[in-house]
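Subject: Structure handover

Hello,

Here is the structure for your files.

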Amino acid sequence: MPNHPWPRLAALACALTLAGCGSDAAPPAAAPSTVAPPTTTRAAVAATPTVDPYAGVPLIEDVEWTTAVDGARLLVYPTSAGRRTSYPGSDDRAWQEVVDAAPDANSPGMRDQFICHWVWARLVQPDKPSWNLEPWRPAVGYQATVDASCNPGGPER
């Protein structure tokens with residue numbers, strides 16, 4: 001199985017679990033060390049819906065600007081639909097909802113943090129009340145944002 005993504009995804013999921021992906025809560029006592037790959041390619045294909053079950057339903061409940069020790073912070077509160085959807089392009093639709101509610105959030109670094117939370121926080125911490133995005137964090141690109149557990153420039157304080 002050359003160049004299979006599951007070992008990297010498992011390591012990333014563990015890292016985000018331990019880091020809390022920006023959570024103020026203490027990390028869980030133990031994190032899983034492996035993630036089993038699907039048994040067939042068909043299983044992965046079946047997980048992607050062909051019709052958007054949440055079409056017309058908001059994916060973001062609310063956004064709220066606050067100030068933390070390091071500066072401004074945008075708290076993004078996803079709806080239950082936003083926590084569950086796996087429909088292709090739902091990440092772009094959800095980001096547009098964030099930008100519509102908070103136009104000054106529209107920057108590459110903030111979008112990378114949001115997409116990181118959309119992909120990874122929903123997996124690792126599905127019930128995290130808010131996803132915290134900070135405009136003062138450096139825009140380092142999506143992969144570097146993921147590598148930093150959604151918090152480039154240092155951990156959330």
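The notes below cover a disulfide, a helix and a loop residue.

This is a predicted model, in which local features need pLDDT of at least 70 and side-chain atom pairs count only at pLDDT 80 or more, while totals for chains, interfaces and linings use all residues. Residues are numbered from 1 along each chain as its sequence is written, and side-chain values use heavy atoms, with hydrogens and water left out.

Disulfide. Taking a disulfide as a pair of cysteine sulfur atoms within 2.5 Å, the count is one. Cys116 and Cys150 form the link, with an S to S distance of 2.0 Å. The bond is left-handed, at -80 degrees about S-S. Distant parts of the chain are joined here: Cys116 sits in helix α5 (residues 108-124) and Cys150 in the segment after α6 (142-147), 34 residues apart. Helices (H or I, at least four residues) and strands (E, at least two) are DSSP runs, numbered from the N terminus. Cys116 has a relative accessible area of 0%, and Cys150 also has 0%, so both are buried (under 20% relative accessible area; exposed is over 50%, partly exposed in between; 1.4 Å probe, protein chains only).

Helix α4. Its buried residues are Ser90, Ala94, Trp95, Glu97, Val98 and Val99. Among the elements covering them are β1 (60-68), β2 (71-78), α5 and β3 (131-133), with contact meaning heavy atoms within 4.5 Å.

Loop. Ala139 lies between β3 and α6 and counts as exposed because its relative accessibility is 55%. Its C-alpha atom is 9.2 Å from that of Gly153, 14 residues apart along the chain.

Regards
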